[in-house]
Amino acid sequence: MRVIILTWEFPPRVVGELSRYVNRLAVELASKKVDTHVVTYHDSWTGYHEGADGVKAHRISNPIKAQVNILTWVLSLNTEVERASAGIYYLAKREVDLVDAHDWHFIPAAVDLKKAFHLPFIFSVDSLEDHRSHGSGAPLSLSIKRIEWLGASESERVVTKSEWMRQEVSRIYEVPPEKITVVSPRASSWIDEILESYRKVIEATSESLAQSEADPS
Amino acid sequence: MNHSLRVLMLSWEFPPRIVGGIAPHVYNLSRDLVRRGIETHVVTCDFPGAPGYEEIDGVYVHRVDSYRSPSPDFATWVYLMNVNMEMESAAIIRRLDGQIGLIHAHDWLVANSAIGLKHIFRVPLVATIHSTEIGRRNGLHTDYERMIHQTEARLTNEAWKVICCSQYMTSHARWAYGLPEDKVMTIPNGVDVSAFGGEFDREKLRSTYASSDEKIVLFVGRLVHEKGVQVLIGAMPKVLARVNAKFVIVGNGYMKDSLIGQVHTMGLAHKAYFTGFLDDQALRLLYRCADVCVVPSLYEPFGITALEAMAAGVPLVVSDTGGLSEIVEHDRTGVKVFPNSSDSLAWGIARVLLDPGYADRIRANAYDEVLKEYSWGRIGERMGVLYQSVYDEYQGGSWKPA
């Protein structure tokens, strides 16, 4: 199995809790023989790095230095995420199974990769804009929510870390609850449950692809 | 010519959505590319009443959700619109089995989509720079302007080739973005000469703008400082001292009220006619009623109105600046005057109006020049050659995925 993880924070860059979580996830996946690529942001430490733990990190920087807000910053970064991800895809002779996008930042890239390559993606939710902004309704917040909505609707599956977040994603973005899987990071079976969710998405995608090829209409 | 070449054209405006000069440019260019066997898909923003997909003269036009929700400012909207544009474009290219020869982007407004698609599908990108932020703003003063400038610079950096519409813009873009000389090509803008033909009652239409003993001096453009309309108003008394004329001023802009106030103060309100915005057809006929067309711009990357006047067979007086300097050859295809000088402009206008033989000669030469250098067929031909050379280099290189 070959997976591309998209995250805007990954050690040594630590903004919140997500960084350490994604690191733990990547290390565990690599130990389970998953070819694990992490595409992430760093200001200056860019390029490819394969750790002793087997995790392959691809760090990109923002080509546009002058920015007016978090959205323009994130959206110009997305094209670099796409460049790095497509590089992994072509180097692997197009054999990538899944994209796992953590929070909203790189959802546009995940959606574009899906549209271009039929590459399925999971939207892994750590936090939502409504909770971070206290539902401010400002244009900036609404625009970020629009991207979260894109992630919720275009992804093959949404994975949350709690039952409460599952209900919130379902309530705010009108996602059918059965599309959302809860995997608690505290559960002893955590990484196995994550892998199980990956496998299900990959299987469902190859089935639907086989179907559409058999019936091109 | 490779007849299987397929191009994806990205433009934020396309008829019926017309904001500025990019829409007619992309419209005419696309139609001509199709005529020479290049399959052309245009991806553009939606417009009320226009279909999401249609075929116009063989051009496949895809209109995407342009993101109508509130956004903090124009540039952020552009970035958000690009999320939708890139997503839809990726799906379009996928439906074509990823078989696309190149992507052609027009200005920074589609930069993010174009750059993302380039890397995802690994196809070459060419970019036309119609104007620059540093030129529009006369410098970079805020992070907002710097962000747009850097986005433009990145687009030219990611592009295989950069196209500018005049020698002036080519040299300006090279300076602004630090581009090597062999990366930037000049391919001029074009004008659809046939649109200026057809029968009409000239005397009748003319009488709605001026009396029969008045010559018509025509200005077409946004009423903003850089277009130099205030220089023309300043020239009015000097022209009127020598020849009876009506100054017909087409367009809108922030200077309109002050200009109208100015002609009143000068006691010349009866000699100036501000028409406001005119649609394409009315404008083309008005050109054909005019005795002289004036383009007094202080800053002009290209000068499409000069081409329109030439296509309509109107003698032309332009300020010797930017793209206008290249389009007009003094005393052969028009009259060049000093920029920002009412005296010089008045001299040029009077010269054309007082010497009908001279006016006829420059008008005829200008018309021949337009047919020879600025027809869309000529421009499409040059673009096709550029596409093919970029495509051939790409095919021969190692970046193309296996």
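In which sense do strand β1 and strand β2 of chain B pair, and over how many bridges? Some notes on that and a few other spots follow.

1. First, the ground rules. This is a predicted model, where local features need pLDDT of at least 70, side-chain atom pairs count only at pLDDT 80 or more, and totals for chains, interfaces and linings use all residues. Residues are numbered from 1 along each chain as its sequence is written, with chains lettered from A and ligands numbered from 1 in the order in which they are written.

2. Back to the strands: β1 (residues 6-10) and β2 (residues 39-45) of chain B pair in the parallel sense over five bridges. (Strands are DSSP runs of E, at least two residues, and helices are runs of H or I, at least four, numbered from the N terminus; two strands pair if DSSP finds at least two bridges between them.) Arg6(B) has Glu39(B) as its bridge partner in β2(B).

3. Zooming out, chain B has an open, mixed sheet of eight strands, ordered β3-β4-β2-β1-β5-β6-β7-β8. Its edge strands, β3 (53-56) and β8 (184-186), each pair on one side only.

4. Now the chains together. The contact (C-beta atoms, placed from the backbone, within 7 Å) takes 28 residues from chain A and 31 residues from chain B. On the chain A side, α2 (70-91), α3 (107-117) and α5 (139-154) each supply at least two residues. The most come from α2(A), with 10 residues.

How values were computed
Two residues are in contact if their C-beta atoms, placed from the backbone, lie within 7 Å.
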